[in-house]
There are 4 protein chains.
Amino acid sequence: MPGLSIPSLVDQACLIVHGPDQPGIVSHVTAVITRNGGNITALDQYSTNDQDGMFFQRIVFYRANLTAAMEDIQADLAETLAPYGMTWSLSDRSQPKRMAILASKEDHCLLDLLWRHRRGELPVTIPMVVSNHSTTAEDVRSFGVPFFHVPSQKGPDKRESEEAILKLLKGNVDFVVLARYMQVLSDDFLQKLGVPVINIHHSFLPAFIGADPYRRAWERGVKIIGATAHYVTADLDEGPIIEQDTVRVTHADSVTELRQRGAEVERSVLSRAVSWHAQDRVIRTGNHTIVF
Amino acid sequence: MPGLSIPSLVDQACLIVHGPDQPGIVSHVTAVITRNGGNITALDQYSTNDQDGMFFQRIVFYRANLTAAMEDIQADLAETLAPYGMTWSLSDRSQPKRMAILASKEDHCLLDLLWRHRRGELPVTIPMVVSNHSTTAEDVRSFGVPFFHVPSQKGPDKRESEEAILKLLKGNVDFVVLARYMQVLSDDFLQKLGVPVINIHHSFLPAFIGADPYRRAWERGVKIIGATAHYVTADLDEGPIIEQDTVRVTHADSVTELRQRGAEVERSVLSRAVSWHAQDRVIRTGNHTIVF
Amino acid sequence: MPGLSIPSLVDQACLIVHGPDQPGIVSHVTAVITRNGGNITALDQYSTNDQDGMFFQRIVFYRANLTAAMEDIQADLAETLAPYGMTWSLSDRSQPKRMAILASKEDHCLLDLLWRHRRGELPVTIPMVVSNHSTTAEDVRSFGVPFFHVPSQKGPDKRESEEAILKLLKGNVDFVVLARYMQVLSDDFLQKLGVPVINIHHSFLPAFIGADPYRRAWERGVKIIGATAHYVTADLDEGPIIEQDTVRVTHADSVTELRQRGAEVERSVLSRAVSWHAQDRVIRTGNHTIVF
Amino acid sequence: MPGLSIPSLVDQACLIVHGPDQPGIVSHVTAVITRNGGNITALDQYSTNDQDGMFFQRIVFYRANLTAAMEDIQADLAETLAPYGMTWSLSDRSQPKRMAILASKEDHCLLDLLWRHRRGELPVTIPMVVSNHSTTAEDVRSFGVPFFHVPSQKGPDKRESEEAILKLLKGNVDFVVLARYMQVLSDDFLQKLGVPVINIHHSFLPAFIGADPYRRAWERGVKIIGATAHYVTADLDEGPIIEQDTVRVTHADSVTELRQRGAEVERSVLSRAVSWHAQDRVIRTGNHTIVF
């Protein structure tokens, strides 16, 4: 999909800078933008301490003919930030990130993302959906999105399934969303993939880590259930949390009803996390996230 | 405080019935009320299954000159329900339950309960506040409530403190509220006390069971924090949950700010749990609660 | 779709009774159920006053071979309730209500209802979707639901459009849902239709009654927006409210973003209202609703 | 209370800048901070448009020996910002704003502010509470806060009451909070007072503007109620909204219960608005607020 862009975001750039805090960082960074003809329209900054803490910043700026100027701005930033040891990235907001979705049989998160995308609510392209079941193929394709069926294999052949998925994703996507994908991904897969992976867990982590959280919530007799969107790491259910939400339940709700109430929270939490990630609003730091 | 009653609830009774479900229970119970001159104003019923499940019911009814009729109604209920093996209790709603509060240094839950009581929002009397610190004595007494200071003792002398508290409570209260009371009560104490004890835990259980939940929430990087009101059992933080609620937090909130945000949820969750318990809206069953 | 039924609800009945409160109503009604072999699994009752108020009751009961027994139970109820002047209705829960959806261009509420229905979350059948635009035809039909396009006409010809819709609905549906249907229905239409109509209004009524509520919310600078599901009456936006909910917004949200945030609340509020109506949980009284 | 300061905020400054957006503003402003030895710890910026919009910015920075440097920083800012026509203000965060509270009989908002202040949650001093009733005098004074009773007078003598209040407030306070103060303040009073006034309205404005909103909410049969904190202007209930929140209610809630549920939302909404105003997080623009 080369050439595809988001018209309303033409000539808008997003700059993320983070690292050890030092006096003067903000004025140096913003001076770069000014001398390159940019006008800052939104700026969020957060430092963990008054002095010697960690520094996080997201800047959105407008620059006429941004495409032509990108190279110069990048060079200026590189030179200016070199002495500070900061991590930074500059992106053209009119160029949407490419998002692949991995799914299984449950369709609520998958369809919700496809709907929102069609309605123009998610600034991404969706080059593919990959599922270990073929049940949602027709639905997915009705949105004009390619669907690939890669059956899951157990034990030693699991590696084979992962290789097949890797072949599809590698080089074609900027991030991956697990929309209730019911397979655990190996460390090896995550490392080879090399792009962020967002998962939706069907409980308000760290409660009910692991399998079948709605049944366990019912058994414990909780009065609220929830969902958690987080980046996937080698430690299952332990990655940095991006977004969470909860909903009230009562003694009269069966496990099935908890699942239905929960499905609504899941799709809503996941869509917010995806939208924020797509807009470069989420910065990872250790096992935390900064969400601007 | 004999003779003290709630004028607006005069001639109102509350009947709780629960046990193994059997056809005809509802019509037999309601027939008792009708033939004793009562008019049902609210009825909540819940059965766990279509057949052979557990049955839970709360009935509020109006009966002119209730006091005079109580004995007859009790006798009729006893006879009618005898064949069914149900647990039941009948109470005069104009007679408030006697609630003791145990507190420590933190005053937000304590003061909130006292203030709601003064405003007429809690249908209870408060015969005493017992604290292991004397810091809140003046505040408590300014509400016209007796305050007793029983310092906590460690190790073998802990028993002594508990005995002192028991002497104060025994026979004088219908239930006890731990308003951020920072001592673990022994099984022995709970058994001797013999009335329900409600605790407020400063996390959305079962997440962050144990000490210092706000610090651990901050370390995990959660986006919501919460509070849980539950009945106290021998298993710490594992008793039946009465009520829970949550509030959103962000990366910018420090542990101190989590504590402040959390304090608001704690007092609000605890007051709801206390109010429901005082109105006989909560029925315990195993490790769950039915809240009507 | 004759013969279509909900297997999990076979042999379950729902009885709604409401009218002027009188002592003994509950025991008489429940006695009918008992002597006809039913077992009550859920009962909600609410009276507006201790005495001489209005009485509202919903009972769910299980009765083996319900179909065969329906006629007898109806007769018994009719005879028993005759002296009391109550309104009542008895329904077989395994027989889903027939729900038509009227829609326009906006698809979020429409698709959400269709998708929840497919997942088994709404106990209804959907015999048809009628729209004044043809844009959603393909999507609707992909759910196996018939789609009819009836273009809207202005002025004197509006009557003609309404007649065309009436011909489609009349006799074929038990209630109608306006899923962001952007036409005002005439009194004449509502009277001829003769079944309940549920609308979703895109504000927390009574704020922003009328057109373009998101723009007006933005202009007023509110910090929350919401949605309201209500029964449609001759007074636009004034019918009995079934359900409402709100969501937080900020100064940074544009009108477009308010619409997106609001769309999520709309579909969620509408689906709850529809689900409750389908389960006979909503009783209308004057311009209010009782929701059990 | 000269010399009183907040130790944890020593050497922290807050700079607010707003006005017509122009390229380079951010880098010029931040350069001032850098060359005066400050380190920015939090920065929020929002512009209404890519170009030629309105610009809003809040910067918190740390500067060792801030007190000694304030004059130089002010002079540098004045010179730097002179060409841009911006409104700006620089404050020493260790110097709390002086907040007066005006109250009537209802004590929930009043006591909540006093409690929070005593717990260290509100960065203000409270030089006085003024009430048109004497009922809360003892409670207020138990917090060590001066209480003044100024009875309300009707008709032509209303001016007299206002003059008496003005004499107390004038020069002694930085802002005023109406904690359920049940008198309408005249334009003349507001103009003479000359500092911001924050009110808590007991509905989710613009619904139920005017008197007795809970009764009207009950009559309309709404399923949510709410509260709104706003700056007071000459147009009653029409000033810029700072914060709002809502809570669910049901058909079973009486007007009295709506008032009790609402009281909880009121105090919580008001405390957030007060806290944000005290921290210079709220910028007024036309009839809107920017809340950072």
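The model is predicted.

Two copies of a chain are related by a rotation about an axis and a shift along it.

In chain C, 7 strands form an open sheet with mixed pairing. The strand order is β7-β6-β5-β8-β9-β10-β11. The edges are held by β7 (147-149) and β11 (241-248) of chain C. Each has a single partner strand, so one side of each is left without a neighbour in the sheet. Neighbouring strands are turned against each other by 20° on average, direction ignored. Within this order, β9 (residues 197-201) and β10 (residues 224-231) of chain C are antiparallel and pair over 4 bridges. C:Ile198 has C:Tyr231 of β10(C) as its bridge partner. Helix α5 (residues 158-169) of chain C lies across β5 (97-103), β6 (124-131), β7 and β8 (175-179) of chain C. The helix runs at about 160° to β6(C).

Two packed helices are described by the angle between their axes and the distance between the axes. In chain C, α7 (residues 213-220) packs on α8 (residues 255-278) at an angle of about 120°, with the axes 9 Å apart. The two helices are therefore oblique to each other. Their crossing is right-handed. From α7(C), the contact involves C:Tyr214, C:Arg215, C:Ala217 and C:Trp218. These meet C:Val255, C:Leu258, C:Arg259, C:Gly262, C:Ala263 and C:Glu266 in α8(C). By type, the contact residues are 6 nonpolar, 1 polar and 3 charged.

In chain B, α3 (residues 108-118) and α8 (residues 255-278) cross at roughly 45°, and their axes come within 9 Å. This makes α3(B) oblique to α8(B). The crossing of α3(B) and α8(B) is right-handed. On α3(B), the contact is made by B:His108, B:Cys109, B:Asp112, B:Leu113 and B:Arg116. On α8(B), the contact residues are B:Ala263, B:Glu266, B:Arg267, B:Ser268, B:Leu270, B:Ser271 and B:Val274. The residues of this contact divide into 5 nonpolar, 3 polar and 4 charged.

Terms used:
Residues numbered from 1 in each chain as written. Chains lettered and ligands numbered in written order. Predicted model: local features only at pLDDT ≥ 70, side-chain atom pairs only at ≥ 80, totals over all residues. Heavy atoms only, no water. Axes fitted to C-alpha atoms, helices over the stretch in contact; angles between N-to-C directions. Parallel < 35°, antiparallel > 145°, perpendicular 65-115°, else oblique. Left-handed = near helix turned anticlockwise from the far one by under 90°. Contact = heavy atoms within 4.5 Å. Nonpolar A, V, L, I, M, F, W, Y, C, P; charged D, E, K, R; others polar. Pairing = 2+ DSSP bridges.
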